[in-house]
Amino acid sequence: MCNLPYNFDWEPVALDYAHITRTQLPPLVDTDAVIDGLTPVAASTLGLAPTTKIIMGASDGALSNLGVGADEPGVAAITIGTSGAVRVMTKQPYLDPEGRLFCYYVAPHHWIVGGPINNGGQVFRWVRDELFTTESQTARANQQDPYDQLTALAATVPVGAHGLLFHPYLSGERAPLWNADARGSLLGVTTTTTKADIARAVLEGIVMNLNTVLQLTAAAEPVHAIRATGGFARSSLWRQILTDVLGQPITIPASFESSCLAAAVIGLKALGHIDDLTTIHAMIGATETYQPNAANHQLYHQHQVVFDHVTAQLAPLYHEIATLNR
């Protein structure tokens, strides 16, 4: 999994690269470490009692995994909000040989391996604002959500959007490309292409990009279950597209505030009110599981192969394309 020693200390190579020493950095502590009390200045500034206990906590990505119940090896958490991410829990660290994935510590024998994407819901917002202006105005005039109208329109188009492929790199891309010059593309346009086709292709392209990242995590930990959350989960169409593209059942909690819930649970454990973080499973509440359609998944697999092939072909040209943009 990882050929570097793990000793819960600052990495010497990183320190040398940054020209700093350990003495300039705080001590490393676990996510449930308790800082017993505040300095007088901090207490006064925050309006809290000096005896207030502070829990170290974790980053939003790690908390999101815990908050949706993706806290066991092989259980992935997928988030699609303005941006997005794929994260899989492992028992030991994994460093991707090509540096395409991140890896960070959560708790003893709990590491998160995955990748973030820049282009999630913000791409669909661009579609709404730039390509469906009239439809959005009509929806608002009728006191409807423009997104609901767009997804309803996309739902009228069959799986695969009549052969359209959309690469959603409107804001450059982190995983899997890590290229600020990456640019979006719409391939397969013909004289019969409709705006509804484009709407569906955009939704599918965002998910296929996430699927590319998910496939990379298999080297760290094969995924056998997926939990998903984020604003996209409000759309039944988008939920089904995600399930069909990935070809696995997707469990979605009714609550979208997974990171906040996990932060509270880490605090409860740190203060001794609960014995184990798995207590969160009883707190997550109602969930809904979507099953993949086998025929749809097979069609999406064919699209995914071409999607990834085109990405590989365009990657060397992104800098030139970006230069034209500038």
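Trainee: Which residue is the bridge partner of I226 in strand 10?

Mentor: I250 is the bridge partner of I226. Keep in mind that this is a predicted model.

Trainee: And R227, what's its bridge partner in strand 10?

Mentor: R227 has T251 as its partner there. Two bridges join strand 9, residues 225-229, to strand 10, residues 250-253.

Trainee: Do those two strands run parallel or antiparallel?

Mentor: Strands 9 and 10 run parallel. With helix 8 they make a right-handed β-α-β unit.

Trainee: What about strand 10 and strand 11, parallel or antiparallel?

Mentor: Antiparallel, with four bridges joining strand 10 to strand 11. I250 turns up again here, with Y290 as its bridge partner in strand 11.

Trainee: What's the strand order in the whole sheet?

Mentor: The order is 5-6-4-3-9-10-11, in an open sheet of seven strands with mixed pairing. Strand 5 (102-107) and strand 11 (287-290) are the edge strands, each pairing on one side only. Neighbouring strands are turned by 25° against each other on average, direction ignored.

Trainee: What does I226 touch?

Mentor: Leaving out residues up to four places away in sequence, I226 touches A76, I78, L214, L246, Q248, P249, I250 and T251.

Trainee: Which residues touch the most other members of the largest nonpolar core?

Mentor: I226 and L246, in a core of 56 residues. Helix 7, residues 195-217, gives the largest share of this core, with twelve residues. A second, separate core has eight residues, among them L63, L66, A262 and I284.

Trainee: Switching to helices. Where does helix 3 lie?

Mentor: Helix 3, residues 60-67, lies across strands 3, 4, 5, 6 and 9, and runs at about 70° to strand 4.

Trainee: And which residues of helix 4 are buried?

Mentor: In helix 4, residues 121-131, the buried ones are G121, V123, F124, V127 and R128. Seen down the helix 4 axis they fall within an arc of 160°, so they line one face of the helix.

Trainee: What do they pack against?

Mentor: The buried residues of helix 4 pack against strand 3, strand 7 and helices 5, 6, 7 and 8.

Terms used
Residues numbered from 1 in each chain as written. Predicted model: local features only at pLDDT ≥ 70, side-chain atom pairs only at ≥ 80, totals over all residues. Heavy atoms only, no water. Core = buried A, V, L, I, M, F, W, Y, C linked by side-chain atoms within 4.5 Å. Buried < 20%, exposed > 50% of the residue type's maximum accessible area, 1.4 Å probe, protein only. Contact = heavy atoms within 4.5 Å. Pairing = 2+ DSSP bridges. Axes fitted to C-alpha atoms, helices over the stretch in contact; angles between N-to-C directions. Arc of directions from axis to C-beta. Right-handed = clockwise from strand over helix to strand, strands pointing away.
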